[in-house]
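These are my notebook entries on a structure that is new to me. I set down what I looked up, entry by entry.

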Amino acid sequence: MTIFRLRPLLLALIALVGAAPAWATPAPTPPRLADLAAVPPALDCAALAGAATEAALGRAVGAGVTIASARAYPGAQPFCGVRGTIAPRIGFAVKLPTAGWTQRFLQLGCGGLCGVIAIRPDHDGGCAPVTAGRTVLASTDMGHGGGMGNDGSWGRDPRLRRDFAYRGVHLTALAAKALIGRFYGRAPRFSYFMGCSDGGREALMEAQRFPGDFDGIAAGAPAMNFLVQNTFFHAWQALTNTGPDGRHILLAAKLPALHRAALAACDAVDGLADGQITDPRVCRFDPAAAGCRPAQATGDDCLTPAEVAVARGFYDGPRDADGHRFTLGGPQVGSELAWAGVYVPATADGAILSTSASLAVIKYLAFPRNPPETTTLADFRFDRATFARLAALHPLYDSTDTDLAPFERHGGKLILYHGWSDPHISPINTIAYYEGVEQALGAPRTRAFTRLFLFPGMYHCGGGDGPAEFDILSPLMAWVEGGRAPDVILASRETSGERPMGTPPGSVRGGSGASMGPPAGTRLNGTLPGPPPGAMPVQDPFASELSSPSVGAPSGSVDRTRPVYAFPAVARYDAAGSVDKAASFRPARPLAPAGTPDWEGKKFIGPYAPIE
């Protein structure tokens, strides 16, 4: 990744502010990881297969465990790959270095509705313990197979709902640690979890339900409001862009015109016209600015009144006739290019992800009793009665409990991160959660173990038209192991020719002419694009294309670097030097006041008792 070439600057930018205000200039302090001795295996890899290991892991997790395989993988970074199943159907895989293990364990989250095991860290460039193959890695399919996609039919089984909600990730952590102890003869010194999208939800679920599982957690674009996100939000986006004839109204070819109008209105609000919006909350943008003028032809350079209405609906989000808001926030101004394939197709009859994503949850997961199989999005009602029905399973799936005191007492550290141009999960959700933790524990306590970083121009988990390449693991490990909290992270942007459009991990690429997934080779944390459920053969989670800790050589040259400061501080141009160089920016006071909009689910974000 590009960050390798920028590591010296990165090390100079990560700093500890302590009790000083977030906008005080950080003192340069490079991240320091613990100097841990390499530990060799105590057993042969093949010895991990069999009844003895199954019994040991079964005792650790409190459920039956079957080891499907344990074999050595040679190469520059040799490892022992173990695959297994925890009853009833939780598939897991653990990658144990056979040389140079430095006593660290990293578990990876899974995106979408999961269904596949992919051992693939992201935002890890520059983190030598991971990229050099000296860290144990593990992941899980969260209790159901079939490959990535939006098939939620497994939700007919209450046990599999529970495994997806929280049990699969937790038991995989217990199994992996037991396997580590058996293979190396000692437990890991430090344990970490990183995930984005649903992986971010899983990350927060671990901090909330099982605070002793991990010492450091990185949660990106967390789908913590899982139920609302996959019902009210995606259903609204899909239906807003569907006309009475069943065809889509706003198409992808119009998005550049809308995006240009958004930048014209909002780019310079922060004092610098640089092609990215620092904080969209301070901008007031009416998509009518992109509307076709009376004498203008209605081509791709402007929007018709119907298309303007669709864009307004996207930004505003679902409301009822009385004005009740059913989501915390929609896509932010500046995210328009990322809508392609998500809720804006290439053709009027093209597929969009919002339809399949919402139907899968509405039909099989959202309610205690599933609706009829014939249910369509047209049957979904955007009203308070429907919202109230979601409350029953909110304590099962959602990870919005703000009482992180047990994780704090464990000594855990949490880094939240989100792209301002995420088309799937509004960053307003993550801001609301962070501020909710501050309300629950107080700001000083919260900042002692939690940080939030918001990346201008970044799409869902990565990519975008802003700097979106960065190392999140090194700052997390340095905080856990060396006590230095990160208050700034360096992000870079590559001129790679094709940037991912923000479609969620695991989405189908192609289909009815729409691009329903990231470009080929796109790497999103813990997940890969894949075919529809049922079309994907069982794959080896240790295959190089699934388990490589790094893509390898950068896909393009770096044309911009920027510091991203811990929330609520923002980066401000110092009026000297290149706007494309991180050194030309300093931390500044926030542009927007604290607080998030009132909405129907405001009680969801706060302390609550989870259900099993």
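Entry on burial. I count a residue as buried when its relative accessible area is under 20%. I note at the outset that the model is predicted. I looked up helix H15, which spans residues 473-482. Of its 10 residues, 9 are buried, so I describe the helix as largely enclosed by the rest of the structure. I listed the buried residues as Leu473, Ser474, Pro475, Leu476, Met477, Ala478, Trp479, Val480 and Glu481. After H15 comes Gly483, and I found its phi to be positive, near 80 degrees.

Rolling a probe the size of a water molecule over the atoms shows where empty space is left. I searched the whole structure and recorded 5 cavities of 30 Å³ or more. I then turned to the second largest cavity, for which I noted a volume of about 90 Å³. Its lining is made of 11 residues, and those nearest its centre are Gln77, Lys95, Pro97, Gly133 and Thr135. I sorted the lining of this second largest cavity into 7 nonpolar residues, 3 polar and 1 charged. I also asked which strand gives the most to this lining. It is strand S3, residues 90-97, with 3 residues.

Entry on aromatic pairs. I describe a pair of aromatic rings by the distance of the centres and the angle of the planes. My count came to 33 aromatic pairs. For Trp236 and Phe382 I recorded ring centres 5.2 Å apart and planes at 85 degrees; planes over 60 degrees apart count as edge-to-face, so this pair is edge-to-face. Trp236 belongs to helix H6 (residues 226-240), while Phe382 is in the loop between helix H9 (353-364) and helix H10 (384-390), so the pair ties together parts that are 146 residues apart in sequence. Phe382 has 16% relative accessibility and therefore counts as buried.

I found both Phe314 and Trp339 to be buried.

I also traced a cluster linked by ring pairs: Phe232, Trp236, Phe326, Phe380, Phe382, Phe387, Trp599 and Phe604.

Entry on charges over rings. I found the charged end of Lys177 over the ring of Phe214, 5.7 Å from the ring centre. I found the charged end of Arg201 over the ring of Phe164, 4.8 Å from the ring centre.

Methods. Residues numbered from 1 in each chain as written. Predicted model: local features only at pLDDT ≥ 70, side-chain atom pairs only at ≥ 80, totals over all residues. Heavy atoms only, no water. Buried < 20%, exposed > 50% of the residue type's maximum accessible area, 1.4 Å probe, protein only. Helix = DSSP H or I, 4+ residues; strand = E, 2+ residues; numbered from the N terminus. 1 Å grid on protein atoms, 1.4 Å probe; cavity = no way out; pocket = protein on both sides within 12 Å on 5 of 7 lines; lining within 4 Å. Points joined across faces, edges and corners; volume = space filled by probe spheres on them. Nonpolar A, V, L, I, M, F, W, Y, C, P; charged D, E, K, R; others polar. Phe/Tyr/Trp six-rings, centres within 6.5 Å; stacked < 30°, edge-to-face > 60°. Lys NZ or Arg CZ within 6 Å of the ring centre and 35° of its normal.
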